[in-house]
Amino acid sequence: MPDTHTSLTLQMLEWIQQQTRSYPEVLDAWHSTCPRLCIWEDACADGLISCDGGRDGLVTVTEKGRDMLARTIKVPASFPGLAHRGEGVILPEINRI
């Protein structure tokens, strides 16, 4: 099961991907001054999101961010112990022959 940081990162990526978001809107919703919960900052540093146009621009999920979302499977709440509502499970990379 993903840790809290990964779960929140996935939640933010899904939220941004749902519709066009402005930089101020995303920053207002996801910026934190808590050093243990820096979802926005880490997503920027990891190349998961992009902000074209700076502070007046739009925030989008990058190809790397979309790949992270694509590797996530939504587990229904009917599977107790695996995940809670809306939480995803990150699948490990599978080597194919």
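Here are a few friendly notes on this predicted model.

1. Ground rules. Residues are numbered from 1 along each chain as its sequence is written. In this predicted model local features need pLDDT of at least 70 and side-chain atom pairs count only at pLDDT 80 or more, while totals for chains, interfaces and linings use all residues, and side-chain values use heavy atoms, with hydrogens and water left out.

2. Three strands make an open, antiparallel sheet in the order 1-3-2. Strand 1 (21–22) and strand 2 (49–52) are at the edges with a single partner strand each, so one side of each lacks a neighbour in the sheet. Strands here are DSSP runs of E, at least two residues, and helices are runs of H or I, at least four, numbered from the N terminus; strands pair if DSSP finds at least two bridges between them. Strand 3 (residues 58–61) pairs with strand 1 over two bridges, and Val59 is the bridge partner of Arg21.

3. The salt bridge. One is counted, taking a side-chain nitrogen of Lys or Arg within 4 Å of a carboxyl oxygen of Asp or Glu. Glu25 and Arg21 form it at 3.1 Å, N to O. Arg21 is buried at 6% relative accessible area, whereas Glu25 is partly exposed at 32% (buried is under 20%, exposed over 50%, partly exposed in between; 1.4 Å probe, protein chains only).
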